[in-house]
Each structure stands twice: as C-alpha cells, then as structure tokens.
Amino acid sequence: MAKYEATLVGYFDDWLRIIEKGIINGSATANLEDASDFYSSDGVTRCSVRVFERYSAIGSNRVSLSVTLFQDPSGAIHCSAITSGGSQAMIFKLNTFGEQSFLDSFIDVIERG
C-alpha cells in the first residue's frame, strides 16, 4: 500500500475533473470503478471518493487507487490517495511496484494540476 496526502488550492469541481481525466487518460487500462459524493446543507463542506483500477504489467495483476477529496467549511481542499492490490504473495506483501507506479502517476496529475 502506498499513500499520498496534500492540501490543494483551487476549486473542488476543477480538481475532481483534473483527477478523473488525468487517471483515465494516463493509462490505457485505467478505469473509474465507482464514485461517491456527499454535500452538506451549507453547500461548502463536500466529500468525493473515486476508486480507479488499472492493470500493472510489472506485477501482472490489477491495482486500485482510492482518491478522497474533502472540502472543509473554510473551503480548504484535502486530498488523500491510497493504492492497494498488486501483491502476489499470500502472507507477506511482495512486489508493490505496481502500487507505487499508480500512485506516482496520480502525483504527476496533481503536480500538473
């Protein structure tokens, strides 16, 4: 498992669109598995969760990336991205290259923003 966290500057909907397009367009095998969105009655506090999956040629398996964007009442946007999968071992986690590669792709999307 690999994790990345950051506070983003800008508009929530713009970041959500950048992330979705960046992940899907960044890999021929990436797809959006599911999505969930929550809005508060104040219209400011929001939370969006996206789960992506792609094939990892390095590990010959599929790897998932869960992304959570949370906008607090002050308007700050917090981002958390966690990868999972990619291991072929039963007891110990081996071959996590695919997870790190997927996370690195996500970080590139954020940095290009």
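Colleague: What makes Arg-62 and Glu-53 a salt bridge?

Modeller: In this predicted model, the closest N and O atoms of Arg-62 and Glu-53 are 2.8 Å apart. The cut-off for a side-chain nitrogen of Arg and a carboxyl oxygen of Glu is within 4 Å, so the pair qualifies as a salt bridge.

Colleague: Why is Arg-62 called partly exposed?

Modeller: Its relative accessibility is 36%. Buried requires under 20% and exposed over 50%, so Arg-62 falls in between. Glu-53, at 23%, is likewise partly exposed.

Colleague: Why is Arg-50 called buried?

Modeller: Arg-50 has 6% relative accessibility. Because buried means under 20%, Arg-50 counts as buried. Glu-20 joins Asp-37 and Arg-50 in a network of salt bridges.

Colleague: How do you know that Arg-54 has no salt bridge?

Modeller: The nearest side chain of opposite charge, Asp-104, is 8.0 Å away. A salt bridge must lie within 4 Å, so Arg-54 has none, although Arg-54 is buried. The side chain of Arg-54 does make a polar contact with the side chain of Ser-105, at 3.4 Å.

Colleague: What makes Lys-21 exposed?

Modeller: Lys-21, in helix H1, has a relative accessible area of 52%. Exposed means over 50%, so Lys-21 is exposed.

Terms used:
Residues numbered from 1 in each chain as written. Predicted model: local features only at pLDDT ≥ 70, side-chain atom pairs only at ≥ 80, totals over all residues. Heavy atoms only, no water. Buried < 20%, exposed > 50% of the residue type's maximum accessible area, 1.4 Å probe, protein only. Lys, Arg positive; Asp, Glu negative; His and termini not counted. Polar contact = N/O pair within 3.5 Å; in protein donor to acceptor, adjacent residues only side chain to side chain. Helix = DSSP H or I, 4+ residues; strand = E, 2+ residues; numbered from the N terminus.
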